[in-house]
Amino acid sequence: MDHKGTVQLETERLILRRYTIGDAECIFRNWAQSEAVTKYLTWEPYRDIEDLKGYIQYCIDEYQKPDSYNWVIEHKEIGEPIGSISVIWIREDIAACEVGYCMSERFWGKGIMPEALAEVIRFLFEEVGMNRIQATHDARNPNSGRVMEKCGMLYEGTMRQASRNNQGIDDSVVRAILKEDYIKG
């Protein structure tokens, strides 16, 4: 694989870019403090901006690593961050990774997250050299699964009581796309 790190990516409506400390207020307001956004996530809503700044600084520090992929999703029309998308883990031996994402509920249902995910998939296959990209979602959160489906990720199975999030122990649905699927698509 040819790791590039978190380089800026762009789509018709979005800029996927690195975090900055100056993003903290927008991120807090738009999604990081939202119980609706974090309902099926593994981290609790942030209660203050200072804690969020600590996480942002961690992300900024991680950008030193060429295999760190952690983007803020900025909507061009409003010029501020509305979500995030990142690579959670990488397995070099099989050129595989898992992605995760979240976004302000104000922008749900507008095709924005599929647009961002499709661009990350393109980048990881075409520029980094991944062979497999997977994502998981709580079985009680089918909307996240629809995002994955729209990007060509196929259902591979449901791991019963295999994960924990803010709703407790959950059944985890696995979806993935292989490079050969991507090329055919």
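Is C151 buried or exposed, and what is its relative accessible area? In the predicted model examined here, C151 is buried, its relative accessible area being 11%, a value that falls under the 20% limit below which a residue is counted as buried. The residue is found in the loop that runs between α5 (142–150) and β7 (154–165). When residues up to four places away in sequence are left aside, C151 touches P114, L117, A118, I121 and I177. The C-alpha atoms of C151 and M113, which stand 38 residues apart along the chain, are separated by 9.8 Å.

With residues up to four places away in sequence not counted, V37 touches W31, C102, M103, S104, E105 and W108. Between the C-alpha atoms of V37 and G83 there is a separation of 9.8 Å, although the two residues are 46 residues apart along the chain.

As regards the overall fold, the secondary structure of the protein comes to six helices and eight strands, which, read along the sequence, follow the pattern β-β-α-α-α-β-β-β-α-β-α-β-β-α. The radius of gyration is 16 Å, close to the 16 Å given by the globule rule for 185 residues, so the protein is as compact as a globular protein of that length. Along its principal axes, the C-alpha trace spans about 40 × 35 × 30 Å. Of the contacts with a separation of 6 or more, 66% are accounted for by residues 24 or more positions apart.

Buried residues make up 50% of the 185 residues in the protein, while the accessible surface comes to about 9400 Å², with 47% of this area belonging to carbon and sulfur atoms. The protein carries 23 positive and 31 negative side chains, and the centres of these two sets lie 4 Å apart.

Definitions and conventions: Residues numbered from 1 in each chain as written. Predicted model: local features only at pLDDT ≥ 70, side-chain atom pairs only at ≥ 80, totals over all residues. Heavy atoms only, no water. Helix = DSSP H or I, 4+ residues; strand = E, 2+ residues; numbered from the N terminus. Rg over C-alpha atoms; globule rule 2.2 N^0.38 Å. Buried < 20%, exposed > 50% of the residue type's maximum accessible area, 1.4 Å probe, protein only. Contact = heavy atoms within 4.5 Å. Areas by Shrake-Rupley, 256 points an atom, 1.4 Å probe, with all protein chains shown as cover. Lys, Arg positive; Asp, Glu negative; His and termini not counted. Charge placed at Lys NZ, Arg CZ, Asp CG, Glu CD.
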